[in-house]
Amino acid sequence: MAALDTAARVAVTPPADDRPRHKPFRWGNLVVMVILSIGLAATVLPFVWMVLGAFKTKAEIMSRPVTWWPKSPTLDNFAAWFFQFDILRPFLNSVLLAAATVATTLLFSSMVGWALAKMRFPGKNVIIVVVLSTMFVPGIVTLIPQFVLVANLGMVNTYWGLILPGMVGAFGVFLMRQFMLEIPDSLLDAARIDGAGEFRTFFQIVLPLCKAPLATLAIFTFMGSWNSFLWPLIISQDDSMYTLPVSLALFSAEAGGHGADYGLQMAGSFLIVIPVLVLFIAMQKHFIQGIAMTGIK
């Protein structure tokens, strides 16, 4: 009888409603969305204003009321950079500086990170503390000692002087070490048993596993060297060594005379931003993966 009663209750029980239920409205979610929208607008609108301003004349930029969309779009600002100021040499200097800085930073930071993550030697913990401590030292504090060192080496107004201070950084070492700590020791031991030395293990086993943090470090390093202004300005003695940011500041001021030419500056800023955007779009998959995975596995 108990079994029959149970079967009867099951038979008369209405089927569960599988339709998706709408979540109740919450004012907290609305507040969060409004705050995020304001932050997004504060981030994106200056960039949009710069891009649109690059196609405006100086008179239109200074006119009131302010107009967002160019009334008469012009390419004169871009033409001035290519034909009046000869942007090719500063562009090549910036490319050389960024490429050399990225290549050396990726190599040396990964090698130091590998040593601090997987090798055993006396004073290892002390070195880790010293490396991390340098991250808290403002760059402006080391600017004068770096210049004195480069000057004593006879590298003022040379490409070596531009590249040398950025060859390795504490952030890169920390990033690579945190990721390499998660590489299984059994994998490395298997490579050593097969006869691979430390260099072969590092280049053929470890580095291929570090695509995500390497892409992240490459983007950050490229942005830092590409946008670097103060060090190239100090180390360069003539316009043949100027990079794009330095040329943007000096040439736009020269063209503006007593008043700055904002259209020219915005066009130059837009030209500087384009390589960074292209690099990020090309490596965004590895960049996001590196941010999400490094140090939290």
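Predicted model: local features only at pLDDT ≥ 70, side-chain atom pairs only at ≥ 80, totals over all residues.

Biologist: Is Met283 buried, partly exposed or exposed?

Modeller: The classes rest on relative accessible area, with buried meaning under 20% and exposed over 50%. Met283 has a relative accessibility of 21%, and it therefore counts as partly exposed.

Biologist: Which residues is Met283 in contact with, once its neighbours within four places in sequence are left aside?

Modeller: Met283 is in contact with Ala215, Ala218 and Ile219. For Ile219, which is 64 residues away from Met283 along the chain, the C-alpha atoms of the two are separated by 8.1 Å.

Biologist: How should I read Thr201, and is it buried or exposed?

Modeller: Thr201 is found in helix H11, residues 198-206. Its relative accessible area is 0%, so Thr201 is buried. When residues up to four places away in sequence are not counted, Thr201 touches Trp114, Leu188, Ala191, Arg192, Ala196 and Val206.

Biologist: What is there to note about the phi of Asn157?

Modeller: Asn157 is not a glycine, yet its phi is positive, at about 65 degrees. The residue sits in the loop that runs between helix H7 (143-152) and helix H8 (159-163), and with 22% relative accessibility Asn157 counts as partly exposed.

Biologist: Turning to helix packing, at what angle do H9 and H12 pack?

Modeller: Angles over 145 degrees count as roughly antiparallel. Helix H9 (residues 170-180) and helix H12 (residues 211-226) pack at about 170 degrees, their axes being 10 Å apart, which means that H9 is roughly antiparallel to H12. The crossing in which H9 passes H12 is right-handed.

Biologist: Which residues meet where H9 and H12 are in contact?

Modeller: From H9 come Phe171, Gly172, Leu175, Met176 and Phe179, and these meet Pro213, Leu214, Thr216, Leu217 and Phe220 of H12. Sorted by class, this contact of H9 with H12 holds 8 nonpolar residues, 2 polar ones and no charged ones.

Biologist: Which residues touch the most other members in the largest nonpolar core?

Modeller: That core has 23 residues, and those touching the most other members are Phe78, Trp81, Phe85, Phe222 and Trp226. The elements giving it two or more residues are helix H2 (27-53), helix H4 (76-84), helix H5 (88-118), H12, helix H14 (244-256) and H15; H15 gives the most, with 7 residues. There is also a second, separate core of 14 residues, which includes Ala117, Ile183, Leu214 and Leu217.

Biologist: Finally, how many helices and strands does the protein have?

Modeller: The protein has 15 helices and 0 strands, and 35% of its 297 residues count as buried. Among contacts between residues at least 6 apart in sequence, 73% join residues at least 24 apart.

Methods
Residues numbered from 1 in each chain as written. Heavy atoms only, no water. Buried < 20%, exposed > 50% of the residue type's maximum accessible area, 1.4 Å probe, protein only. Contact = heavy atoms within 4.5 Å. Axes fitted to C-alpha atoms, helices over the stretch in contact; angles between N-to-C directions. Helix = DSSP H or I, 4+ residues; strand = E, 2+ residues; numbered from the N terminus. Parallel < 35°, antiparallel > 145°, perpendicular 65-115°, else oblique. Left-handed = near helix turned anticlockwise from the far one by under 90°. Nonpolar A, V, L, I, M, F, W, Y, C, P; charged D, E, K, R; others polar. Core = buried A, V, L, I, M, F, W, Y, C linked by side-chain atoms within 4.5 Å.
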